[in-house]
Amino acid sequence: MKQVYKLNTEELENSETFFSFYEKLSEKRRQKINSYRMKKDKMLSLGAGILIDKGLETFGLREANVRIAEGTYGKPYFPDYPDIHFSVSHSEKMVLAVFADTEVGCDIEYMDSVDLKLAERFFCKSEYEFIMEQQKQERKEAFYRIWTIKESFVKAVGSGLMLPMDEFYIKIGRNIQVEQRYNNEEYGIEDWTEGEYHAALCWNNKGNIRRKQVVECG
């Protein structure tokens, strides 16, 4: 299974709405929200908690009652429920989460202006060439396609910064492929553009994955 949740934090700008969700979450999540100084960051952290809660609800669980731990390289997981895998990402005003029965990662990015020298420096040569082959007005979206897919893969494998971005590459065609030597596993990829955002999912193919179902929360 693969369930995707998204939330626009504009829906949390009203203080009454904000605290109605805040009070339902775990003490750990509330402390994390409180640690941020900027309202934008507080809303993004709250949004992440809301989506985790929504995802757990489908399993008869709630975020306030489930322990969340972090792996060696920072990947969050549920130590008491090893068969439930999840990933969360946020950018600007959007929060994205995915739940699956196999290792999974997600990433969402606001498609701001970009210096393509970053792609030349940090991406693989073939990925940079893919970007530069596009029409000039389409290069920004091509950059964010590669970026979000790479980020979602890193999250799926739980490697953190241990795996440099140029040590695996994304091949975009009719089917998107990840060429990598990090492990011997095969991964599925799905990505999409939504307004000013681009998002990607990556999952280990050993799971019973079907096409994503997106649930808007708020």
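**A conversation about a predicted model**

Guide: Tyr73, Met162 and Tyr182 make a nonpolar surface patch of about 300 Å². Please keep in mind that this is a predicted model.

Visitor: Where is Tyr182 placed?

Guide: Tyr182 belongs to the loop between strand E8 (177–179) and strand E9 (187–194).

Visitor: And why does Tyr182 count as partly exposed?

Guide: Tyr182 counts as partly exposed because its relative accessibility is 31%.

Visitor: Let us turn to salt bridges. How many does a search of the whole structure find?

Guide: The search finds 10 salt bridges. In general, side chains of opposite charge can pair when their charged atoms come close. One of the salt bridges joins the side chains of Arg30 and Glu27, at 2.6 Å from N to O.

Visitor: How are Arg30 and Glu27 placed in helix H2?

Guide: They are three residues apart in helix H2, so about one helical turn separates Arg30 from Glu27. An α-helix has 3.6 residues a turn, so residues three or four places apart point the same way. Glu27 has a relative accessible area of 44% and is therefore partly exposed.

Visitor: Over which ring does the charged end of Arg30 sit?

Guide: It sits over the ring of Tyr22, 6.0 Å from the ring centre. Another charged residue, Lys150, lies over the face of Phe168, at 4.1 Å from the ring centre.

Visitor: Which residue forms a salt bridge with Asp80?

Guide: That residue is Arg67, and the closest N and O atoms are 2.8 Å apart. This pair links distant parts of the chain: Arg67 is in the loop between H3 and E2, while Asp80 is in the loop between strand E3 (76–77) and E4, 13 residues apart. Arg67 counts as exposed at 51% relative accessibility, and Asp80 is partly exposed with a relative accessible area of 43%.

Visitor: What about Asp191 and Arg145, how do their side chains meet?

Guide: The side chains of Asp191 and Arg145 meet in a salt bridge of 2.7 Å, N to O. Asp191 lies in strand E9 and Arg145 in helix H6, so this pair ties together parts that are 46 residues apart in sequence. Asp191 is buried, with a relative accessible area of 15%.

Visitor: What span should helix H6 have, and how far apart are its end C-alpha atoms?

Guide: Helix H6 covers residues 139–157, and at 1.5 Å a residue its 19 residues should span 27 Å. Its end C-alpha atoms are 27 Å apart, which agrees. After H6 comes Gly158, whose phi is positive, near 70°.

Visitor: Which residue other than glycine has a positive phi near 60°?

Guide: Glu92 has that value. Most residues other than glycine have a negative phi. Glu92 is placed in the loop between strand E4 (85–91) and E5, and it counts as partly exposed at 34% relative accessibility.

Visitor: Now the rings. How many aromatic pairs are found in the whole structure?

Guide: The search finds 15 aromatic pairs. One of them is the tilted pair of Phe59 and Phe99, with 6.5 Å centre to centre and 35° between the planes. It links distant parts of the chain: Phe59 is in the loop between helix H3 (39–57) and strand E2 (69–70), and Phe99 is in strand E5 (residues 94–100), 40 residues apart.

Visitor: Which residues do ring pairs link into a cluster?

Guide: The cluster consists of Tyr5, Phe59, Phe78, Phe86 and Phe99.

Definitions and conventions. Residues numbered from 1 in each chain as written. Predicted model: local features only at pLDDT ≥ 70, side-chain atom pairs only at ≥ 80, totals over all residues. Heavy atoms only, no water. Patch = residues over 30% accessible without salt bridge, like charges linked within 9 Å, V, L, I, M, F, W, Y side chains within 5 Å. Areas by Shrake-Rupley, 256 points an atom, 1.4 Å probe, with all protein chains shown as cover. Salt bridge = Lys/Arg side-chain N within 4 Å of Asp/Glu carboxyl O. Helix = DSSP H or I, 4+ residues; strand = E, 2+ residues; numbered from the N terminus. Buried < 20%, exposed > 50% of the residue type's maximum accessible area, 1.4 Å probe, protein only. Expected span 1.5 Å × (residues − 1). Phe/Tyr/Trp six-rings, centres within 6.5 Å; stacked < 30°, edge-to-face > 60°. Lys NZ or Arg CZ within 6 Å of the ring centre and 35° of its normal.
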